[in-house]
Amino acid sequence: MNIGDKIKDYGSISKFRLSFSVIISAWAGYLFMGGGSFLDTIYLLVGGILVTGSSNASNQIWERNLDAKMSRTSHRPIASGKMSVKEAVITIAVALTIGFWMLYQLNFNAMILGMIAYTSYTFVYTPSKRVTPWAVVIGAFPGAIPPMIGVVAADPEGRFTAIAGALFFVQFVWQLPHFWAIAWVAHDDYQKAGFFLLPSRTGRSKTSAFRIALSCLILIPFSLFPWAMDIEGLGLFTLMMASIFGLIFFLYSYKLYLTLEIKDAKVLMFASFFYLPLVQFTYVIDKFLFH
């Protein structure tokens, strides 16, 4: 195997694009608090990517036999036999060591949050996926930690401030329609591995679609929490933009409720990728350009 293929395998096992998008939310929280030096920013972004990528790789070790059963995952390095479990474990150990060390350079609490995110995702969320359809809710807890890490990392004392909690809950609620949209699209494939991740046992039904739309609707007031808490730097711009983005996102989910079509679930899924950074950077823009 040439070096290009090996790099692709490491990118695949870590879900690099997903890991990078997750770390953007940590960066948003970091910038909202004023950020830091170039070196500290590197520690946050690279350390965060290494920890997140390790979580994804650990997930693939756990589910290697199940991944082999699904069309969307059968090509993954471990499931396809292109990478051994031993190699994956060594890679994860090295990445975690470096990642935790980098977060520690920011402060102790940033590292602890990274550890909590990794362990809860790997050892709580991953095994729950075959046990309960509410695994998505369980996974939303570690998935919502990155913006909190960003806020804590920007504080020299590593304090858990109100904005850290507010950003956590925005990302927590966002993950529900995001992952349920993915589950809608991949439902048939998930069934091959015994995963049932839609919010209702009735499958691609009105009940599931209603709960997805409801989570999008609930997301609107949650996205306004930072503004409602009267956090310094947030004003009319946040109120307007977060409301507009939330309404548009909800309308996509309502369309899915009306049609129950996979194509509309795909639209909602892609919309979710844009929604979160748009809202999070709305806070940053409001604080530093309008105040």
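How much accessible surface does the protein have, and what share of that surface belongs to carbon and sulfur atoms? The accessible surface comes to about 13,300 Å², and 70% of it belongs to carbon and sulfur atoms; such areas come from the Shrake-Rupley method with a 1.4 Å probe, and for residues only the protein chains shown count as cover.

Before the views, a word on the model. This is a predicted model, in which local features need pLDDT of at least 70 and side-chain atom pairs count only at pLDDT 80 or more, while totals for chains, interfaces and linings use all residues. Residues are numbered from 1 along each chain as its sequence is written, and side-chain values use heavy atoms, with hydrogens and water left out.

View 1. Helices (H or I, at least four residues) and strands (E, at least two) are DSSP runs, numbered from the N terminus. The C-alpha trace spans about 55 × 50 × 30 Å along its principal axes.

**View 2. Here we meet the largest nonpolar core, with 80 residues.** A nonpolar core is a set of buried Ala, Val, Leu, Ile, Met, Phe, Trp, Tyr and Cys residues joined through side-chain atoms within 4.5 Å. Helix α9 (residues 162-185) gives the largest share of this core, 15 residues. Tyr190 and Phe249 have the most contacts inside the core. Leaving aside neighbours within four places in sequence, Phe249 is in contact (heavy atoms within 4.5 Å) with residues including Trp174, Leu219 and Tyr275.

**View 3. Ser200 lies in the loop between α10 (187-192) and α11 (206-223).** Ser200 is buried, with a relative accessible area of 7%; buried means under 20%, exposed over 50% and partly exposed in between (1.4 Å probe, protein chains only). Not counting residues up to four places away in sequence, Ser200 touches Ser205, Thr207, Ser208 and Arg211.

**View 4. Leu260 sits in the loop between α13 (236-259) and α14 (262-289).** Most residues other than glycine have a negative phi. Leu260 has a positive value, near 60°. Leu260 is partly exposed, with a relative accessible area of 26%.
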